[in-house]
Amino acid sequence: MWFTKEIQDVLKEYDSNEATGLSSQEVKLRLEKYGENKLKSKPKKSFFQLFLSQLKDMLIYVLLGAAAITLFIGEYVDAVIILLVVILNAVIGVVQEYKAEKAVEALLKLSNPKALVKRDGQTLEIQALELVPGDIVILDAGRFVPADLRLIDSANLQIEESALTGESVPSEKSASEIYTNLKTPLGDQSNMAFMSTIATYGRGEGIVVATGMNTEIGKIAQILDEDNNELTPLQVRLEELGKTLGYIAIGICILIFAIALIQKRDLFEMFLTAISLAVAAIPEGLPAIVAIVLAIGVTRMSKINAIVKKLPAVETLGSVNIICSDKTGTLTQNKMKVMKYYTLDNLNEVDDNNEINNPDSIKLVQGMILSSDATYENNEGTGDPTEIALVQLGDHYGILKSKLNETYPRVGEKPFDSDRKLMSTLVKSNDKFLVYTKGALDSLLKISTHVIKDGKSIPLTENHKSEFIKTSEELSNKALRILALAYKEVETEISSDEMENDLTLIGIVGMMDPPRLEVKSSIETAKKAGITPIMITGDHKTTAFAIAKELGIADDISQAIMGTEIDEYTDEEFSKLINKIKVFARVSPEHKVKIVKAFKSQGNIVSMTGDGVNDAPSLKTADIGVAMGITGTDVSKGASDMILTDDNFTTIVHAIEEGRNIYNNIKKSVVFLLSCNLGEVVTILLSILFFWPVPLLPTQILWINLITDTLPAISLGMDPGDKDVMNKKPRNPKESFFAHGAGLRAIMGGILIGLLTLGAFFYGLYEHGYSLGSRNIPEDVLTYARTMAFVVLAASQLFYSLAMRNPTKSIFQIGIFSNLYLIGAIIIGFILQFSVISIPFLANAFKVHNISIQDWGLVILFALIPLMINEIVKIFLRKREARI
C-alpha cells in the first residue's frame, strides 16, 4: 500500500534516485522482469472457433440429427438442404461478430500515450509502454498519467480521475500526505496518481509503483477475464423451443411406429413417413431466420449510433427493465458549468438571456476570468475544468478573456495552495493595480473587510457574512460547487505576500457538471415504458441526488445510498432493499457489480451504461453492458455488449425501442413458422391415423419449410416498428413465445391450414373418382391430389403471414402495403410455387405436375380461408380490448 509509505521509503524500495532516475541498463533488466506497461487482452477466437460457437444451440442439434437420419435413409437432397441451413445460420453469426469486432478495434485505436521521465540524469519523453517500476515520471497539465505513481513532489497538482473513480471534479494531489488507513478509497488517496487519469492543473513528479496488469486498471481488467456465458432471454426461449420441438419429433416417430404396429403397416414405409412428420414438426429455417432478423436489427442499430458486438444483445435490450447508468459523462456532460452567481442581495441564474446589466455581477465575472489560467475559444477549453467554466461564463455574456487580458495585463500572482484554499492574481488597470483573489468562501470571509453593494464598497458586517453563508449553503444543497471572489485596488505593484489581506468581497458562483440536455426527456420516455433508471456514481451523495432529482430519477434523499452503507448489508439483505434505491453514490467498482447482481437476483433484466474503467466489471456483469464510444475507455468498450458511438444516453432508449420491436418481429416469425409446421403435422398425422394416403412427401415439406415459409418469415422480421411499443411495460423475461394468445393463434392457424390441405388433397382425388379411403389409387392421381395439397399448403401459409403482423389490428388498420418486403415475399412465393409445378424438371424432382385453371381458383379460395377467419377473430378481440 504505497499511499501509507514515506517518499524516501518508496524510493529506497525501488532503488531509484529522485534527481537522476534509473539507468538505461537497469531499465532493460526491469523491462525483462516486469514486462511492457500495457494491459493484456484475451487471445482472439479463430474463424473456426467463432463458427463452432454458433452451432451451440438445441435447434441446431435437432437439425443435425435430422440431417444424419436423412443421409442414412438415402434422402441426400434433403440432408444437403438441412446442412446448408445450419451453415447459413452459423455464417451469418460469424460475419456479424467479425464486423462488430472490427468496429470495436477501430474505436480502440488510440495513439500510444507518451511519458516524461528522468533517466541517466536526463529528462526524456518515451513511449508509456517502456515504463518500469522505479521510473521517475514528470506530470504537467494535460498529460496522461502513464502508470500508477506514488507522488514524490507536487505543486498545485490536480488530476481528473473520473475514468477510474467516477468523480467529475478533479482531485487535488499532495505528495507529502501519508495515510494510515489501509481501506482509504482510491478517490481519497491524494498522494497517488493512477494510470489512465489526466493531470489538469499544476505539476508533479512520481515514482512508478505499478505497471500494466499490476495497476489499479489492470486489477479491474483481470476481473473482466472471467467468462460470462449467461444466455440472453431470446437464447433461453429458443433453447426451450428447440428442446420442445426435439421431444415432439421423437414423440411423433414413436407414435407413428406404434400406429404402424397396430395397423400392421409396412414398417419401412412408416419409417419414411415418420421422417416426413419429424421434418414437418421442425421449422428448419428458424435458426437462420432469427439470425437474419437480428442482423437486420444490428444494421438498424448502427444507423442510430449503436454498435452491437453480439447479435442476441439486440433482443436483450428489448426486455430491459432496469438501466443502471454511470453519472459522469453519461447522464452529465463531464464538464463544469456555472449555473448561478450571487452578489449581495442579488442571486442570478445563468440562462439563455445573454444580458448582464448589474455592475456587481459584471465585476464578479470579470474578476473570475482575470484570476483564471484556462482558455476557451471556439467551444473548446484548455486547463482546469473549474476555470474553463468561469471563462465560458464570460464568453456566454460577451466578456471575452482575450480582451480582458489586453485591458488588464497580469503582472503577478500567488498560486493556489490547498492549505489556504485561495489563489490570487495582480493585474494592471491604467495607472493602478487590482488584486483578484478567488477560492473557498470561508477562507475569503476571514480576510475580507468590505463588500461590494451597487458598485460601491461598504464595510462587511456579520449580517452580510450570514447572507453569503446562507446563499452558499442553499446552492451547495443543490449540488453546486461554490467559488468566491474578492478584490482590492492598490497604487503600486505589490508582492504575493501582500495580496491576501483587507479585501473587498464581490460574490460567489455555483457550478456543477450539468445533465445532458436530452437525457431528461429520455428518462421520462423510459419510465413510461416501465423501465426504471438508476444512477450509480463515484460522486458524493448530495451531488448525485441533486442531479438525479433534476433528471427525474429520484424524488427523495431516502432513495439515495452511499457505498459505505452498502457494505453494512449482506447480499440477501441488500437484494431485498435494492428496489427502493434509485441513486448509489460514492461507490467502488466492487459496489457496482454488487448492485447489478442484486437487481438481477430480483428477476430484473439489467442494462449498465458507463464510460470509465471503473464501470467495466459491472458492464460485464449486467445482462447488457453499454459503453460510450467517444469518452469510453478501452477496458469499458471491451467489457460491453454494445457501444454508443455518440455517447448519448438517449440512444439507449432508442435502442430499447428497437430491441422490443425486434423481439416482437422474431415472435411473429416464430409463431408464423410454427403455425405452418403444425398445419403440416396435422395433415400427415390425420392421414396416418385414418389410414389415408400421405398427402405430402418429405421433399415437398422441406421445400415449403425452407423456401415458401422462409421469405414471409424474414419479411415479418423486417416489419415496421409498433408506434405504441414504448407505452407498454417490458416483457417478462420468463414469458414464452406463446404468451398473450400467440399459442392459441398458432394452434388455430395450424389446424385450419392442415384441414384445408387435407380438403384440397381429398378434392384432387375426388375429381378423378377416388376418395381418401380408396385402395390402389393410381400414381398419377396421387400426384395430382398431392399437387393440390402442396399448392394449398404453400398458398395458405403465404396469405396467413399477413394476419401475423399484429395480434389485434386488421391488415387494413396497419396497412396492407406498409410492409412491402412481405408483399414482395408473397408474390415471389407464388411465382416459385407456380414454377415448381410448371417447369418439368422441377415438377419431376418434387413429384408434382400442373393443375387446371379451375383448380387454381379453388386453391386460392381454400388458401384465403385461414386469413379471413383470423381477421374475423380480431374484430372480437378489438371489441374485448375496448371494453377493458
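## Strands β21 and β23

In this predicted model, strand β21 covers residues 532–536 and strand β23 covers residues 583–585. The two run parallel and are joined by 2 bridges. Ile-536 has Phe-584 of β23 as its bridge partner.

Two helices pack here. Helix α19, residues 541–551, lies on the sheet and touches β21, β22 and β23. Its direction makes about 155° with that of β23. Helix α22, residues 589–601, also packs on the sheet. Helix α22 touches β9 (322–326), β21, β23 and β24 (606–610). The angle between the directions of α22 and β24 is about 155°.

## The open sheet

β21 and β23 belong to an open sheet of 8 strands. The order is β8-β26-β25-β24-β9-β21-β23-β22, and the pairing is mixed. β8 (306–308) and β22 (560–562) are the edge strands. Each has a single partner strand, so one side of each has no neighbour in the sheet. From one strand to the next, the twist averages 20°.

Strand β20 spans residues 503–512. Is it mostly covered or mostly uncovered? β20 is mostly covered: 10 of its 10 residues are buried.

Strand β10 (residues 337–343) pairs with β20 in the antiparallel sense, over 6 bridges. Here Tyr-342 has Ile-508 of β20 as its bridge partner. Strand β19 (residues 481–490) also runs antiparallel to β20, with 7 bridges between them. Ile-482 stands opposite Gly-510 in β20. Strand β17 (residues 448–453) runs parallel to β20 and is joined to it by 3 bridges. Ser-448 stands opposite Leu-503 in β20.

Key
Residues are numbered from 1 along each chain as its sequence is written. This is a predicted model: local features need pLDDT of at least 70, side-chain atom pairs count only at pLDDT 80 or more; totals for chains, interfaces and linings use all residues. Side-chain values use heavy atoms; hydrogens and water are left out. Two strands pair if DSSP finds at least two bridges between them. Helices (H or I, at least four residues) and strands (E, at least two) are DSSP runs, numbered from the N terminus. Axes are lines fitted to C-alpha atoms, for helices over the stretch in contact, and angles run from 0 to 180 degrees between N-to-C directions. Contact means heavy atoms within 4.5 Å. Buried means under 20% relative accessible area, exposed over 50%, partly exposed in between (1.4 Å probe, protein chains only).
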